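Me: I have a structure open and want to go through it with you. Can we take it piece by piece?

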Amino acid sequence: MNKEIKILGVMSVYFPKLIDLERNIYSFIDNIDYLILWDNTPDQNFGLTELVHRVNSQKIIIQSTGKNEFLAHPFNICIKYAVENSFTHLLLMDQDSYFDPQSFANYKQQIIENLSTNIGIYTPLVNTNTLVSGGIQQLKFAYTSGSVIPVSVFEKVGLFREDLAMYSIDVEFSFRIRNCGFSIIRFNDVVLNHEMGYAIKNKLGFTINNYSALSTYYIIRNTLLLWKEYPWEFDKKDRVFFIKYKVIFRLLKMIFEIDKLKKTKA
């Protein structure tokens, strides 16, 4: 089997912190072939072009429609670009994710050593200070950020669900991947640092995520849709977790957040 791979990176940005974004891009840019920065920020004058020139302008292109397209639609456009330009693998990255030093080089090498027509998604270990033993582990689903997907998989499984827009597009795609006979594998010695929401602790010591009203809507709505469409994927533990943390606790945490009425209405 050919051991050469050609990776297209895709990173969606929306009002990013430029210092953090630059660090995040540096954590993987040297080990991929090309990067599309999809700018979902309506204001185009916040320094993204200057950042690209500082990092590696030969490998990076900025694309945008001038409005927030969320995630699924930009990803699908980039998948078509990958097919047309003979990329073998797609790396998906959130703006608030980065790999530990040298971790992505190790990640790429392990992908090359584990090329298989049966693997649908490769993924790193997300947010942990303790490496999980076992080397390679099969998973039920993978987060979008940090995942590497063989481009050929999309021809058999289809693209990301644009009706879901952003939240749970990775979960739904993972379900489809597995239902089509592919496996999802994680390399437990590859670490991705990923910020979940905009979590802070309030004066009472509670951690609140500060998701927007729109995000609150999609988080709950999309989980309910997947619960309905893929009931066999949700066991009793999954359902209790969703009701407890995504609905009850989410509503309680809104008391300490801004835009309470908008989020409750959403």
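Reply: What follows covers salt bridges, a helix pair, a surface patch and some backbone details.

Me: What kind of model is this, predicted or experimental?

Reply: The model is predicted.

Me: OK, charges to start with. How many salt bridges does the structure hold?

Reply: The structure holds seven salt bridges. One of them joins the side chains of R54 and E22, at 3.0 Å from N to O.

Me: Where do R54 and E22 sit in the chain?

Reply: R54 is in helix 2 (residues 48-55) and E22 is in helix 1 (residues 18-26). The two are 32 residues apart, and the pair links distant parts of the chain.

Me: Is R54 buried or partly exposed? And which is E22, buried or exposed?

Reply: R54 is partly exposed, because its relative accessible area is 44%, between the cut-offs of 20% and 50%. E22 has a relative accessible area of 18%, so E22 is buried.

Me: Why would such side chains pair in general?

Reply: Side chains of opposite charge can pair when their charged atoms come close.

Me: Next one. What links E233 and R178?

Reply: A salt bridge between their side chains, with N and O at 3.2 Å.

Me: How accessible is E233, and how accessible is R178?

Reply: E233 has 4% relative accessibility and therefore counts as buried. R178 is at 28%, so R178 counts as partly exposed.

Me: Which residues are linked in a network of salt bridges?

Reply: R161, D163, E172, R176 and E229.

Me: Switching to helices. How do the axes of helix 7 and helix 8 cross?

Reply: The axes of helix 7 (residues 213-229) and helix 8 come within 11 Å and cross at roughly 160°. That angle is over 145 degrees, so helix 7 is roughly antiparallel to helix 8.

Me: Left-handed or right-handed crossing?

Reply: Left-handed, as helix 7 passes helix 8.

Me: I clicked on L224. Where is that, and is L224 buried or partly exposed?

Reply: L224 is found in helix 7. Its relative accessibility is 44%, so L224 counts as partly exposed. The C-alpha atoms of L224 and A142 are separated by 19 Å, with the two residues 82 apart along the chain.

Me: And L252, where does that lie?

Reply: L252 lies in helix 8 (residues 236-253). L252 is partly exposed, with a relative accessible area of 48%.

Me: Which residues make the nonpolar surface patch with L252?

Reply: Besides L252, the patch is made by F241, I243, Y245, I248, F249, I255 and F256. Its area is about 730 Å².

Me: Backbone now. What is phi for F70, and what about A165?

Reply: F70 has a positive phi of about 65°, although F70 is not a glycine. For A165, also a residue other than glycine, phi is near 70°.

Me: Where are they, F70 and A165?

Reply: F70 is in the loop between strand 3 (60-63) and helix 3 (72-84). A165 is in the loop between helix 5 (151-157) and helix 6.

Me: Is A165 buried or exposed? And F70, buried or partly exposed?

Reply: A165 is buried, with a relative accessible area of 7%. F70 is partly exposed at 22%.

Definitions and conventions:
Residues numbered from 1 in each chain as written. Predicted model: local features only at pLDDT ≥ 70, side-chain atom pairs only at ≥ 80, totals over all residues. Heavy atoms only, no water. Patch = residues over 30% accessible without salt bridge, like charges linked within 9 Å, V, L, I, M, F, W, Y side chains within 5 Å. Areas by Shrake-Rupley, 256 points an atom, 1.4 Å probe, with all protein chains shown as cover. Salt bridge = Lys/Arg side-chain N within 4 Å of Asp/Glu carboxyl O. Helix = DSSP H or I, 4+ residues; strand = E, 2+ residues; numbered from the N terminus. Buried < 20%, exposed > 50% of the residue type's maximum accessible area, 1.4 Å probe, protein only. Axes fitted to C-alpha atoms, helices over the stretch in contact; angles between N-to-C directions. Parallel < 35°, antiparallel > 145°, perpendicular 65-115°, else oblique. Left-handed = near helix turned anticlockwise from the far one by under 90°.
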